[in-house]
Amino acid sequence: MQTKNLTKMALCVALCCISANFVFPLPFTPGMVTALTIFLSLAAYILNPRQTFLVVLAYLLLGAAGLPVFAGTGGIGRLVSPAGGFYFAWLIAYPLLSAFKGKSVNFRRYVLMNILIAMPVTYLGGLISMVLILNISALEAATMAVLPFVVGDILKACAAAFMGVKINLALKWE
């Protein structure tokens, strides 16, 4: 890999680690609202799918090793918690977002692909882990793992797309 690509990836990992600490819990769900998904999306917009996968994997490994990068905490316990499915789903969601973002820099396409690909894959992961770990119905899990996050995630997708377009156009590394 070129130094430029490694640098972009390292910056994305660092931004993910930092942004996960901008968090507020919701009282009715084990999931939390964080700024992390903005920067996971941004990584998908400025990196290729393989690089995006490696960024998400590096972030998860840092957290699993105990660094406090999982919404203010660290350790493998977060990955096997009711919200753990969100984390594993990101390994699929964001490389897919990167793959389907298109060749041209386009705000609308970025947002649309995030809403149609990354968000549903992420929600499915969270839904599955909550059903399995909390032993609740899919409907109950959806009210905890999906519904509270939809509006905020759409706004975060827009923010990430805006930044992704600006960065890609300014640095012309697309």
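Modeller: Ala, Val, Leu, Ile, Met, Phe, Trp, Tyr, Cys and Pro count as nonpolar, Asp, Glu, Lys and Arg as charged, and the others, Gly among them, as polar. By these classes, the lining of the largest cavity holds 18 nonpolar, six polar and three charged residues. This is a predicted model, in which local features need pLDDT of at least 70 and side-chain atom pairs pLDDT 80 or more, while totals for chains, interfaces and linings use all residues. Residues are numbered from 1 along each chain as its sequence is written, and side-chain values use heavy atoms, without hydrogens and water.

Biologist: Why is Cys 16 called buried?

Modeller: Buried means under 20% relative accessible area, exposed over 50%, and partly exposed in between (1.4 Å probe, protein chains only). Cys 16 has a relative accessible area of 0%, and is therefore buried. Cys 17, at 13%, therefore counts as buried too.

Biologist: How do you know that Cys 16 is too far from Cys 12 for a bond?

Modeller: A disulfide is a pair of cysteine sulfur atoms within 2.5 Å. The closest cysteine sulfur to that of Cys 16 is in Cys 12, 6.6 Å away, and therefore too far for a bond. Cys 17 is in no disulfide either, with the nearest cysteine sulfur, that of Cys 16, at 6.9 Å. The structure holds zero disulfides.
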